[in-house]
Structure formats: structure tokens, C-alpha cells
Amino acid sequence: MKKAMAKGLALLMGLSVLAGAASLPVYAEETELNIYMWGDYISDDLIAGFEEANGCKVNLSFMSDNADAINKLTAGAGSDYDLIMTCDAYMESLINGGYLEELDTSKVPNAEANLNKAYWTDDIHNYCVPYLMNYIYVVYNTETCPLDEITCYNDLIKPELAGQIGSVDGARNLFPIALVALGYDPNSTNEDEIAEAYEWLTKYNENVVAYGSTEQNMVSGAISVMFTYDGNTAWAMDQMGEDNPLVIAPFTEDPVQLGIDLYVMPKGAQHQELAYKFLDYICDAEVMAANLVEFPYSCPNDAAIEAASDEYKNGPAFDFDYKTNIFFQEDVGDALPVYDQYYQMLKVG
Amino acid sequence: MTEQNLKRVRKKRRLAFLADLYAVLMYTLFYIPVAVMIVFSFNDAKRNYSWEGFTTGWYGKLFSFSNTTLWDALVYSLIIAVLATVISTVIGVLGGIGLKKFEFRTKKFINMMIYVPIIVPEIVLAVAMLIIFITVGIKMGMGTILIGHCTFCIPYAVVTIKGRISGDNETLEEASMDLGANRIQTFVRVTIPSIMPGIMSAAFLSFTLSIDDVVMSNMLAGASQSTLPVLILSLNRTGLSGDVNALTTVMIVCMVAGLLVQSLIRRLISKRRAKEGALLPQEEG
């Protein structure tokens, strides 16, 4: 706050012109670390702890969309930052485009020791360090859902569920479940398969009341089934109290989508040593365990989960047994316009 | 009163009632979201899904200044907005007067080009500027955001001020110089006061445009700090907490208070002028 007040004072005194000029081309000192990520997604205490341990200042700036990070990187503004948060779906094109520094993973021993390699897969291993993850799965209210049980995606298009579903939006969230339901690759690039998935989704669409704000609609009782992120489910469960009637659909065979938020180092990052230290720091079991108290999301850090509070470990939104039956969103290359086209058709109706 | 007249009066009343109803409906539509936002700033819930009970806790949290991210972003936004307003208004005054009063060869062209930043979608301007800044090697930061904001504030300021200058001003200026004032005195004591309402609108417009801008602020932001609108959009991913509502409520209160103070001052000034019986034509806002 001191910083803010000082700035405010400068403003009042009419010195702000100087402040503006001063912040123009100052080259960052060795003691600064610039991170571009989502707002309200990392603990202030964690940042303060890192600043104290390394005698540095961490500058956080925030993106409003995943595409922002990609824009910055591809436009060439990546080197302004030392670490950028993005998600697994973009990794392939970022690596192929040469936008990222290759990491020396020997400098992040905590990550090597603690992260589950099922999420830190070989193809992205040398270019990123995973932070937190989110599953997109199906949750229903046992009291109001017309079906007794939902065990696969095909249950979602049953006519009984007409007007019951709240869903996350986006072509690359919706089409994969249709493709899985039809027995295809969730990242299919085959146009016939995508067209078939579109037909499936038109039926799904008929059952959906609203896209977005799923947890709000669930809490208010507007829907009885939601296709949503695990984090949003945690809030809904929290809001509906201890004995809430929400259950995570006991899927038997269909895999669920897992998205991983991860840190990458843009090409030409200026404070690489400090960035390595930061990546290693957040992978420390205790540090991440403390962070999970404030941000109770799924986490790829096995040691941190082990060290986490019972409250986190027993969090009902993360208590389902098909956590490793997952698929990732992959780069679909030239098929992306096809997806977009069918997605538009779906939206227009 | 004849039958016909009575009918006419009734019809008029009915129409007036409809007009009032229409106005009430319109204003309700405008302000319901704002009202809901303000009400939810008193909501005793971690996430603003449903009403859980009354609390002033979010204001307590806000004014304990523990959430430095939010305040830093607000201060950053305010500094940029004030600077953008000052720069745009000054250039707007000079540009507006220049384009209205003087004849020169490229006048038509400049007059037309001034609308380009207004017409061109902001995202296009933002991307173009991002590319230029990167090519030239300017580091992103407050300076680049400020330049970005000025590019769309200046045209609005020029257009607003230009529209305010009328033939009357010229007569007054000639009179002033006839009475022995030089050009600078005339500019400061006659021209500026006579277009003051235009200058004020231009300033308010620039400030508003700058403080709630997302596109430019997002594209041209540097590594050290985000503006408030960008931060709020980013928070929206995981759900906004009550302190954002509290902060925006405080901003609304400040703006409404500012408007009231402004109109109060204006009333005082016009009263004083009336008392003094000034011969100068009085400006109405």
C-alpha cells in the first residue's frame, strides 16, 4: 500500500508527469522478476516469501484471456517477461514456433522430484513447469436430477435431461466430449467425425439451459446437472454447505478433459536465474501446500498434495476415482477452422 | 372549455404520462446492474453468487489496504487517466481552435483524418501500436499505455471542443482585441472561458475513455503493473470477490459526488455572475 500511497501523492503534487516518464524505458534490474499470469491465482504470501528469500521484487501483471499470453509471445513482446502462464493446449505451437526458452531442468530439482510425470509429459517437459490444473467433469444434484446416475457423456443427451444442464462454453471444451461419446479421438482432425460430433452437440444443446456461470446456476437451483471445472464445483459445494446433494458423476469409461496451467520462459527472458529460482520455489512441497489452502485446485505436485491440509485432501470436488483417465486438449492445426465453423453453427442453431 | 379542448388536454396528459413512464423504464434499465453491483458489495459471501447476508466487511477489507494489488492497479489507472486527460485536453483545445478558425491547405485532410482513430476498431489500433513499439524497441509500460490512450482520447477532445466554438466567439475576440488586449490575453481571458464547457466535456470524456479502457491497456501493458479494468477482467476467471464490488462502488460514489460538486460550483458561479450583472453572455453547460 505504501507504494500506492506514494504514487497517489505524486499524482496530487502534479509530479505524475515525471512518474510517467520515469517508468518508460527503465531497464529492469537484476533484482526483479516479471510474471504474466491470471489475477488472484497465486498466494500473496508465497510471493512475499520468495521476495524475502531472494531479496528481489516480483512484478505480477495480469492477463484477461489465455490468448493474451499468446499474443504477447507471438508479437515478440515475450522478452518483457521472465515467466508467462499459459496452458498445455498451446504448448505444441509455442515450442514449434520457437517462442520459448528451453529449460535446464537440473535448475528446478523440486519440480523434478515432486511433479507427477503423468501431467509433466515428455513432449512439454523441457519447456514448462506445471502449476495448477483443472478437470472439466460432470456434476449433478442427487435431489433434483431426473436421472439416477450419470456415468458417461451419452447420458447427457438423454431427453430426460431437457432443460437441466448448465455447461462451460468453447469449441475446444464441447467438441471433445462429443467425440469421446462417439468413440473418436477427442482431438480429432477428421472433418466427418467433427460433423458427427456437431450432430451430437445439437442434442446436447437442447438439454442445456445456459452456458457459463454453471456454479451460480447450480447454487440457485436453475440447473441440476453441470459440465464444469473442478474449481467451480468446489465453490458450489462450499456454498451449498456440508451436506450438499452434489456428486461428481461416477464415470466408468469416458475420459475427462484436464487442462494444466503452466509457466513457460519466453525467448529472451532477462532474469532467467531468478525465474529458475521461482519455479523451483513454487514446486517446494511446503510452499505449494500452503498455496493450496488459498487456491484449492487440482495440483500436479504429488509431494505438495501429501503435505497439504486434510481439508484440501478431503475436498469433495477433487474426490473422484478416474483422475488418471484423462485427455488433453491438443493442437488440431488446420482443423481449427472446421471446429470454429461447426461451433458457430451450433451457436446460431 | 369545449369538449374538444378537454379531449386534447386529456390526450396531452396521457402522452406526458407515457413519456414519464418511458423515461423511468429507461433509467431503471440503465441503473439496475449498477444497483445490483452496489447491493452485492454488502454481501456476506466469499463469492458473489447469491445473497447471504449483510456485511460491511468488504469495505473494511478494502480500506485496510491489505489488498495492494487492487489499490496499485487503481492508482496506476488513475495516473494514466489524469495524464491522458491533461494531454488530450491541451491538444484538443489547440487542435479544435486551429481547425475551426484557421484556413490552411491540409485542413480538410486533417479534419477527416481526425475521425480515423474514432472509426478504426480499437483492437486494430492496439495491435498496430504494439507492433510499432516492438519494432522501434520501446519497452512496454505506462508510457506506451499513455500513448495508446491519447491516440483515441485526442480525436474525441478535438471534435468536442471544435463543436463548441461558434461565430459568437469570434465577435467577442474581435471586441477584446479592439479594446486593447493582445492575442495571448484574448486567448486566456476570452477564448478559453467562452469554450470552457466544451473543454470540460472533452476532459471528462477523455478521463472516462481512459479509465475504463481494456483493449489498449491490455495490449500495451508492460511487465510491472496492470490497470484496474485489466485486473478485474483477469479476476473474473475465478469469480470476483466482494472487495472488487466495494471498490467500484467507491468509484461510483466519487464520480456522483464529483458531478454534484461540479453542478453546485456552476450554479454558484452563474448566481454570482447574475448578481454582478455581468454583460458577458452566460454559458450554460
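# Reading a two-chain model

Tutor: Let's start where the chains meet: 37 residues of chain A are in contact with 37 residues of chain B. Keep in mind that this is a predicted model.

Student: Fine. Which elements of chain A give two or more residues to the side that touches chain B?

Tutor: Helices H1 (2-12), H2 (16-22), H4 (66-75), H10 (214-220) and H11 (230-239), together with strands S1 (32-37) and S2 (57-62), all of chain A. The largest share, five residues, comes from H1(A).

Student: And how many nonpolar, polar and charged residues does that side of chain A have?

Tutor: By class, there are 17 nonpolar, 14 polar and six charged residues on the side of chain A that touches chain B.

Student: Can we zoom in on one residue? Which residues does Gly39(A) touch, leaving out those up to four places away in sequence?

Tutor: Gly39(A) touches Phe62(A) in its own chain, and Leu231(B), Ser234(B) and Leu235(B) across in chain B. You'll find Gly39(A) in the loop between S1 and H3 of chain A.

Student: Is Gly39(A) buried or exposed?

Tutor: The idea is to count the other C-beta atoms within 10 Å; a residue with 20 or more is buried. Gly39(A) has 24 of them, so it is buried. Also look at Ser64(A): it is 25 residues away from Gly39(A) along the chain, and their C-alpha atoms are separated by 8.2 Å.

Student: What about phi angles? What should I expect in general?

Tutor: Most residues other than glycine have a negative phi. Here, Asp40(A) has a positive phi of about 55° although it is not a glycine. Asp40(A) lies in the loop between S1 and helix H3 (44-54) of chain A.

Student: Why does Asp40(A) count as buried?

Tutor: Because Asp40(A) has 22 C-beta neighbours inside 10 Å.

Student: Where is Ser213(A), and what is its phi?

Tutor: Ser213(A) sits in the loop between strand S6 (208-211) and H10 of chain A. Its phi is positive as well, about 50°, although Ser213(A) is not a glycine. With 19 C-beta neighbours inside 10 Å, Ser213(A) counts as partly exposed.

Student: Let's step back to whole chains. What makes up the secondary structure of chain A?

Tutor: Chain A has 16 helices and ten strands.

Student: How many helices and strands does chain B have?

Tutor: Chain B has 13 helices and zero strands. The radius of gyration of chain B is 24 Å, well over the 19 Å the globule rule gives for 285 residues, so chain B is more spread out than a compact globule. The C-alpha trace of chain B spans about 75 × 65 × 35 Å along its principal axes, and buried residues make up 33% of the chain.

Student: Back in chain A, which domains does the assignment give?

Tutor: Domain 1 takes in 29-133 + 259-309, and domain 2 takes in 135-258 + 322-348. Over C-alpha atoms, the centres of these two domains of chain A are separated by 28 Å.

Student: And how many residues are in contact between domain 1 and domain 2 of chain A?

Tutor: Eleven residues of domain 1 are in contact with twelve residues of domain 2. On the domain 1 side, helix H5 (88-96) and strand S9 (256-264) of chain A each supply at least two residues. H5(A) gives the largest share, four residues. By class, that side of domain 1 has six nonpolar, three polar and two charged residues.

Technical notes: Residues are numbered from 1 along each chain as its sequence is written. Chains are lettered from A and ligands numbered from 1 in the order in which they are written. This is a predicted model: local features need pLDDT of at least 70, side-chain atom pairs count only at pLDDT 80 or more; totals for chains, interfaces and linings use all residues. Domain bounds come from an automatic or database domain assignment. Two residues are in contact if their C-beta atoms, placed from the backbone, lie within 7 Å. Ala, Val, Leu, Ile, Met, Phe, Trp, Tyr, Cys and Pro count as nonpolar, Asp, Glu, Lys and Arg as charged, and the others, Gly among them, as polar. A residue is buried if 20 or more other C-beta atoms lie within 10 Å of its own, exposed if 12 or fewer, and partly exposed in between; C-beta atoms are placed from the backbone. The radius of gyration is taken over C-alpha atoms; the globule rule is 2.2 Å times the number of residues to the power 0.38.
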